[in-house]
Amino acid sequence: MSLLVSNPQSICASWEGVFAARFGIRDEQIERHWETDKKRRYWTGGYQYTVSSSAWLACSRSGCAWCRFLERQFLATLRESSWPISSVHVQVGSEDGPFYVDTEVEKPPGTVDTLTIIVNDNPRKFDLYTDRDDPAATCVNGRTRVPDVGSTRTLALAKACVEECVRDHVQCQAITPHPVPVGSAAPLPTRLIDCSNLRRVRVVETDSTMRGAYAALSYVWGVDHDQSHRCTRTNLSSYMTGIDLMDLPLTIRDAIYVTHSLGIPFLWNDSLCIIQDAPEDMNRELASMRDVYRHSSLTIDAASAASVADGFLEDRRFLDPDATLPWICPGGEVGTVYLMVRDPYNNSPNPDVLTGGWDQTNHTNTRAWCLQEALLSTRSLVFTSETVQLRCHSSTQNIGGAQHRADADLCRLPDAVFHPEQPVAHDSEEWRSIRTSWCDAIQDYSCRALSDPSEKLVACAGLAELFARVLRSDYLAGLWRESLLRDLLWFRRENRHHALESESPKGPQGYRAPSWSWATIDAGVLMMTSSDGKPLVEVVECTVLLKDKTLLPFGPVLGGSLVLRTQWRLHPCKRSSSAPHRPGYAVWLQSRCATRSVQIIDHGSGADEETISLPDETRSELCEATFDCEDDIDAGDLFIIPILQQSYTIKMSGLVVRVARVEQDLQGNQRVLYRRVGYWRAYNCSDGLGDLECSSDEWFEIVLV
């Protein structure tokens, strides 16, 4: 097959067909297969050609951009697996289906063409994109990201994207708490920053009858920064007259400029819109945080700013692609396309290209307060470390049509959470799905950092209030009464991909929550989302004492207790003598005929599993435990409480506890109070329960504080 135009000088003859939209990969889909008898995978389809290895390497050395790219990406793998080789077989196409290159066929904004390249059965995936004004833009959907995030052009594009969301996104309209156009009927917060005139920026106070549009700012304050600009009783009156922009930190100045550029008259920012030295004002405004972000027209997410002094409108760095190649267009023009390799292990994009998940360069991803600000907002304009994107309830798109992958997105809340007027039956499939969304949010939230750890329950109170309205369940310091037994079975996760530094956290300084709440520890947690399991205990009573029941019904607590009723006795555990150098535990369980031991391994330490040597007349069953804080590993006698009997991989699970204190009533009766110190699970219990001692006619009460 010959081309209508000659090959670009930077490409050898093997280029013919590979990137030529007229003849090549636009219709070539690659399919993956598995050859069972030979236990190997292979691919069919795609544009294919074969060249000798000597000719391939010679072309690379002589300057062919395509062959040089293949050499960089595949030569090391080939040498490890099948070198020396006489020939190289190349397949190029898409496993996601043919590209839409015809102008009459539209793809969603920001769609990425994912290119699969296979060399001698070694596959790799790449994102394919081009510049907006390049001739190849008629054939390739992906665009280079916008680096000048604060330019007039970029902010105009952002404004158009916001207006399109307001106008066309049915899903976003459905969860908006006020009619379209967005913000026209939104109740306004107590105070706002008037951004309509950049020459006279000032704080304005509203009343309950006022409605309008405003933006809200989500940002990271940082540490050790000057706080003299904050709104106080002393400077409020002068701020209502006017604010010198140069007196404000750069992040707040940038937010004011963006708000003005988008045509939104007001901005809400906590440091200027809450009187910082007035506790009564602070508590009242904290109680309304949910509404501030729910009713905002737009949240401005200053994700790239590590502190309030940094700002977020600086030009982003240009990210070099893995390959820059010519693209022969159908009309004969030669454009330019770029290839960026995707992670070979999980097929995710290069973390420098796309943002989201636990990208530590996007600082609002690491802060606890910022999670509910993002999840409660209908739409956010996110200034990431690489570009700027619009994240709404319908989609996430990089401004300017740059490539974006949904697998890098922050999780979204289900629509039902925003419609509490529509009842959801307890323990229905939809109710369980909503609870699972809560668990997902808490798993994210728990990995984020707080400047003041005592705010652990405060910083997610708005989120809790939103869920409480649809779950219709009492909120108990981070847990729900309707799913309390499963909520109790949270456990500390390994320290990876999150903002908390300690792998084995110490206990909290000062009281924060009952020991059975995940809010007691500064570590990421995993929640039990499965509905599988037969309860082995009953909840007699569970109460929490709120610090301020009126203003902060989902906020900080001063105390709490949980009373469980069970027929299963507490069973002691102690450090395994077989592995004293490891943080494993042996649980000694009384059998009717003999004593046997079960080793519990602390997975938070990453220790390998090991079975304890036992006498022949006993049986060994492997359990696992994760301790909440390192302080509790050697802190006195420990016991286990069975909570759930399960039928799948985990056969039984429960809590590890220790004595907190002993109380004595007026009659001289003593009551032992326990506190949670960890979680345990068993994978192989005979008859599902092993030989844990259970009374058929006697019930016990266990009190956890």
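Modeller: Two strands pair if DSSP finds at least two bridges between them. Helices (H or I, at least four residues) and strands (E, at least two) are themselves DSSP runs, numbered from the N terminus. The model shown is predicted: local features need pLDDT of at least 70, side-chain atom pairs count only at pLDDT 80 or more, and totals for chains, interfaces and linings use all residues. Residues are numbered from 1 along each chain as its sequence is written, and side-chain values use heavy atoms, with hydrogens and water left out.

Biologist: How many helices and strands does the chain have?

Modeller: The chain has 13 helices and 32 strands. Of its 705 residues, 55% are buried; buried means under 20% relative accessible area, exposed over 50%, and partly exposed in between, with a 1.4 Å probe and protein chains only.

Biologist: In which order do the strands of the open sheet stand?

Modeller: Strands of a sheet pair through backbone hydrogen bonds, either parallel or antiparallel. Here 8 strands form an open sheet with mixed pairing, in the order S9-S8-S11-S10-S12-S15-S16-S17. Strand S9 (202-205) and strand S17 (396-398) each have a single partner strand and stand at the edges, so one side of each lacks a neighbour in the sheet. From one strand to the next, the twist averages 30°.

Biologist: Which residue of S9 is the bridge partner of Arg191?

Modeller: The partner of Arg191 is Glu205, and Leu192 is bridged to Val204 of S9. Strand S8 (residues 191-194) and S9 are antiparallel and pair over 4 bridges. S8 also runs antiparallel to S11, to which 2 bridges join it; there, Ile193 stands opposite Leu267.

Biologist: Which way do the residues of S8 point?

Modeller: In a regular strand the side chains alternate between the two faces of the sheet. In S8, Arg191 and Ile193 point one way, Leu192 and Asp194 point the other way, and all are buried.

Biologist: At what angle do H11 and H12 pack?

Modeller: Two packed helices are described by the angle between their axes and the distance between the axes. Axes are lines fitted to C-alpha atoms, for helices over the stretch in contact, and angles run from 0 to 180 degrees between N-to-C directions. Helix H11 (residues 429-445) and H12 pack at about 170°, and their axes are 11 Å apart. H11 is therefore roughly antiparallel to H12; angles under 35 degrees count as roughly parallel, over 145 as roughly antiparallel, 65 to 115 as roughly perpendicular and the rest as oblique. With contact meaning heavy atoms within 4.5 Å, H11 contributes Trp431, Ile434, Arg435, Ser437, Trp438 and Ala441, while H12 contributes Leu463, Ala464, Phe467, Val470 and Leu471. These residues divide into 9 nonpolar, 1 polar and 1 charged; Ala, Val, Leu, Ile, Met, Phe, Trp, Tyr, Cys and Pro count as nonpolar, Asp, Glu, Lys and Arg as charged, and the others, Gly among them, as polar.

Biologist: How far apart are the axes of H10 and H12?

Modeller: The axes of helix H10 (residues 368-376) and H12 are 8 Å apart, at an angle of about 40°. This angle makes H10 oblique to H12. Gln372, Leu375 and Leu376 of H10 meet Ala461, Gly462, Leu463 and Leu466 of H12. By class, this contact has 5 nonpolar, 2 polar and no charged residues.

Biologist: Which residues of the largest nonpolar core touch the most other members?

Modeller: A nonpolar core is a set of buried Ala, Val, Leu, Ile, Met, Phe, Trp, Tyr and Cys residues joined through side-chain atoms within 4.5 Å. The largest one has 125 residues, and Leu381, Phe383, Trp518 and Leu704 touch the most other members. Helix H12 (residues 461-471) supplies the largest share of this core, 8 residues. Apart from this core lies another of 34 residues, including Cys12, Val119, Leu128 and Val341.

Biologist: Is Arg472 buried or partly exposed? And where does Ala477 lie?

Modeller: Most residues other than glycine have a negative phi, and most peptide bonds are trans. Arg472, though not a glycine, has a positive phi of about 50°. Arg472 lies in the loop between H12 and strand S18 (475-476) and, at 40% relative accessibility, counts as partly exposed. Ala477 also has a positive phi of about 50°; its place is in the loop between S18 and strand S19 (479-480). At 3% relative accessibility, Ala477 counts as buried.
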